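Please describe the fold and packing of this protein in a short report.

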Amino acid sequence: MKSPISIRRGTVAAVFIDLQEEHRKDERYLVEGFGDILANVQRLQAAARRNFVPLYHWAYIVDLAEARPFHPVDASGKSAFSDKDDPLTAICAEVAPAEGETMLVKTEASAFGKSAFAETLKAAGIEWLVIAGVWTEACIDATVKDAVASGFRVLLVKDACGSGSSAMHQTAILNLANRLYGGAVANTLDACRLLAGDTASVWQVEGSVPLRFTYENAARLYDEL
């Protein structure tokens, strides 16, 4: 259900996951509606910068020098996605870090993974994370779940995330919404309002697994978030 919330200034950070060129240029890993997602991310980033909210930019880079059983490879033996030598792992220019912003590299789905990200955020007094990026059912899902497990409240920006298809994206958002304890799901406009210190009405989970979605009603339930 939707209810009004606000986020206290100084307790929020914005986290952007894997907004890399391969998702609009590599035919194998195209994200549906990626242009619209990038435009919404630009709005979020502008709102964060105007309001002195720290921005953290993450890129997924695979180095097969590390043992990775079952990891998919291409005909040359390189990682089938996000290979360390592939120029398409670069962050898309329009959403790339500005001077002084934090650029980080991860080698697995979650931004928390083997990093000290949680400790860094907590040391800075961060309680809320505004999260956007791709792919919703993979790296966004893993990052959000680890963020919640680490004690952060997550504001998941549904129209600033995406996947290989709308069905993949929408069901992934619904799955996360069902378990987003302590956090909320918002659209870009409301997320920008919250970054500015205003109040916005956003969807928050009540009880356990309230969104019993089906093939027939998933799109409607997603729109209602």
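## Surface and charge

The protein chain exposes about 10,400 Å², and carbon and sulfur atoms supply 53% of that area. The model is predicted, and totals for the chain use all residues.

The chain carries 22 positive and 29 negative charges.

## Overall fold

Seven helices and eight strands make up the secondary structure of the protein chain. The radius of gyration is 17 Å, close to the 17 Å that the globule rule gives for 225 residues, so the chain is as compact as a globular protein of that length. Along its principal axes, the C-alpha trace spans about 50 × 45 × 30 Å.

Of the 225 residues, 50% count as buried. Contacts reach across the sequence. Among those with a separation of 6 or more, 77% join residues 24 or more positions apart.

## The nonpolar core

The largest nonpolar core has 76 residues. Within this core, L44, L121, L129, L156 and L225 have the most contacts. Helix 2 (residues 34-50) gives the largest share of the core, seven residues.

Leaving aside neighbours within four places in sequence, L121 is in contact with A13, Y56, F112, I126, L129 and F152. One of these partners, L129, is itself among the core residues with the most contacts.

## Helix 4 and its cover

Helix 4 covers residues 136-149. Its buried residues are T136, C139, I140, D141, A142, T143, V144 and A147.

Just after helix 4 comes G151, which takes a positive phi of about 95 degrees.

## A loop residue: T214

Where is T214 found? T214 is in the loop between strand 8 (200-203) and helix 7 (218-224). Is T214 buried, exposed or partly exposed? The relative accessibility of T214 is 36%. Buried means under 20% and exposed means over 50%, so T214 counts as partly exposed.

T214 and K78 are 136 residues apart in sequence. In space they are 38 Å apart, C-alpha to C-alpha.

Terms used
Residues are numbered from 1 along each chain as its sequence is written. This is a predicted model: local features need pLDDT of at least 70, side-chain atom pairs count only at pLDDT 80 or more; totals for chains, interfaces and linings use all residues. Side-chain values use heavy atoms; hydrogens and water are left out. A nonpolar core is a set of buried Ala, Val, Leu, Ile, Met, Phe, Trp, Tyr and Cys residues joined through side-chain atoms within 4.5 Å. Buried means under 20% relative accessible area, exposed over 50%, partly exposed in between (1.4 Å probe, protein chains only). Helices (H or I, at least four residues) and strands (E, at least two) are DSSP runs, numbered from the N terminus. Contact means heavy atoms within 4.5 Å. The radius of gyration is taken over C-alpha atoms; the globule rule is 2.2 Å times the number of residues to the power 0.38. Accessible areas come from the Shrake-Rupley method with a 1.4 Å probe; for residues, only the protein chains shown count as cover. Lys and Arg count as positive and Asp and Glu as negative; His and the chain ends are not counted. The place of a charge is taken as NZ of Lys, CZ of Arg, CG of Asp or CD of Glu.
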